[in-house]
Amino acid sequence: MTNPTESNAWNDLLHLCADFKHEDFRLAQLFEHNDRFSEFSISHENLLLDYSKNFVTTETIDTLIGLAQEMELTDAINAMFAGEKINTTENRAALHSTCRIPEAENSNAEIVSCLQQMDSFVTAIHSGERNGYSGSKITDIVNIGIGGSDLGPAFVCEALSSFSTNDTKPHFVSNVDPADLGQVVAGLDPTTTIFIIASKSFNTLETIQNAHAAKNWLISQSGSPDCIGDHFVAITTNSAAASEFGIQEQNLFPMWEWLGGRYSLWSAIGLPIALSIGMNNFRQLLAGAHSMDKHFHSTELRKNIPVIMGLLTVWYTGFFNAHSHAVVPYSQKLQQFPAYLQQLYMESLGKSVNKNDQPVTSNTGDVLWGAAGTNAQHSFFQLLHQGTAFIPVDFVGVIKPTSDGNDAMRRQQYLLANCLSQSLALMQGNNDSSDQHKKFQGNKPSNTLLIDKLNPYNLGSLIALYEHKTYVQSVIWSINAFDQWGVQLGKVLSDDIFKALTESSSDNEFDSSTASLIKQIGEFLNY
């Protein structure tokens, strides 16, 4: 079926949603007559999803599963794992899950070879076999990338900083703003620093500009261009351009056309992660993701965590006009998780045309946003509790602290108490006060994801969960989750505007606003 709105299940859901919109409906009342937690929770290994605080009954879930069946979700899942070309606009497979298959079982020789190359490189850096141009041991790694070549590795390195080997410290540069690179290199020793240029095409504007600036910094600090070969590594499909830049063949790591940037941390793009936490822990990250892959591929839809989470978002965007949802991890180590998910989610689902080149007939990708709790409680939670927007929330809690000791455990319990109390407050509200300003409507849905502890394996599982949730939504909405044509136009236009800013003879014609802004910038630069 092309459009979900044409399905029988969609029509049934239109009738079912009316009960939850009735003025007398109270979400808290659903807990009075049955054990909702048992019915509306799912566990997989060290991860628990409680989705009982949602606008669902057994009938609702049955009907959402019916929608998934009408949209042939199971076939779509099988097609992805079978390596079919589900990226229809680019005629490619989406093989990111293949990167996570254990090497002994993995039939993809390119992936196995890449992992072995990463292992050799990490071992050489950590052991001191591979040093800088002066013979000093490498202590700092600067990853230069943007989008998926930056967000994934940066997030994971911070999340797993407790597992750092302390052999190398990762740094990340993504913004073409000179201040970004300048702040990073200001505290670094060029003799002990290696730069990783992460760009599939090796011509991404921001990345290549920063790469050349880093190259100039290194040469100016060392006094010799000969040091480039010892201090630059590239992860790219464009080996010719990387070689022209000065990167030696043994320092080239592969990328593949079938691997989208937002799904790439499992590949050589994860080299900063491996250098930070070691290859054994990097393989644990892959193993955790592979475990979620198997859960997603083989578990019945009703007990499938990514499927249920994806269907709940379809339910809220399609029938409750939800235009955004928040992800709030109650872990400081996961503070970059919402930023990472923003690219994964909105680049994948920000589509208005379906797979048959027709306009979509329902809301698609909503806005994902969030921040770490408890900080978020003192910023945007006011809007969640008493604002007028309908915003479902995912709460992510980590049970065990990353540090030892009774004090750490007690503070972790305070953290978890806040996590659980916020979901409870959103559900039940507070209508006892006579002061209207102090009343809380409640009836705000949320999921709670609990992880027993934050380690590479569990983090891999969590990330893969959201990857698959995103795919589920794309299948239900009949859109392609693996292209991102919407990011191209701005890139093309920026080249024209750059020429207008830097070449007095530029003959580009712009609208009056853009032309005036270019003129104003030029006048300021010439003061």
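In strand β2, Leu-47 is the bridge partner of His-44. The structure is a predicted model, in which local features require pLDDT of at least 70 and side-chain atom pairs count only at pLDDT 80 or more, whereas totals for chains, interfaces and linings use all residues. Residues are numbered from 1 along each chain as its sequence is written, and side-chain values use heavy atoms, with hydrogens and water left out.

The pairing of His-44 and Leu-47 belongs to an antiparallel arrangement of strand β1 (residues 41–44) and strand β2 (residues 47–50), which are joined over four bridges; two strands are taken to pair if DSSP finds at least two bridges between them. Helices (H or I, at least four residues) and strands (E, at least two) are DSSP runs, numbered from the N terminus. Two residues separate β1 and β2 in a hairpin, and Glu-45 in the turn adopts a positive phi of about 50°.

Across the whole structure, 12 salt bridges were found, a salt bridge being a side-chain nitrogen of Lys or Arg within 4 Å of a carboxyl oxygen of Asp or Glu. With relative accessible area under 20% classed as buried, over 50% as exposed and in between as partly exposed (1.4 Å probe, protein chains only), Arg-283 is partly exposed at 23%, and Glu-103 is partly exposed at 25%.

Lys-351 and Asp-483 form a salt bridge with an N to O distance of 2.7 Å. Here too distant parts of the chain are linked, 132 residues apart, with Lys-351 in the loop between α14 (337–349) and β9 (367–369) and Asp-483 in the loop between α17 (456–477) and α18 (488–502). Lys-351 is buried at 13% relative accessible area, and Asp-483 is buried at 4%.

A further salt bridge joins Asp-407 to Arg-411, the closest N and O atoms being 3.7 Å apart. Asp-407 and Arg-411 are separated by about one helical turn, because they lie four residues apart in helix α16 (residues 406–428). Arg-411 is exposed, with a relative accessible area of 57%. Elsewhere, salt bridges with shared partners join Glu-90, Arg-92 and Glu-257 into one network.

The largest pocket has a volume of about 1300 Å³. On a 1 Å grid over the protein atoms alone, a pocket is an open set of points where a 1.4 Å probe fits, with protein on both sides within 12 Å along at least five of seven lines; lining residues have an atom within 4 Å of a point. Of the 44 lining residues, Ser-201, Thr-204, Val-487, Gln-488 and Lys-491 are the closest to the centre of the largest pocket. At least two lining residues come from each of α6 (148–159), α8 (205–222), α14 and α18, and α18 gives the most, with seven. The lining comprises 15 nonpolar, 18 polar and 11 charged residues.

Thr-207 is located in helix α8 and is buried, at 1% relative accessibility. With contact defined as heavy atoms within 4.5 Å, and residues up to four places away in sequence not counted, Thr-207 touches Ile-144, Gly-145, Ile-146, Ile-197, Ala-198 and Ser-199.

Notes
Points joined across faces, edges and corners; volume = space filled by probe spheres on them. Nonpolar A, V, L, I, M, F, W, Y, C, P; charged D, E, K, R; others polar.
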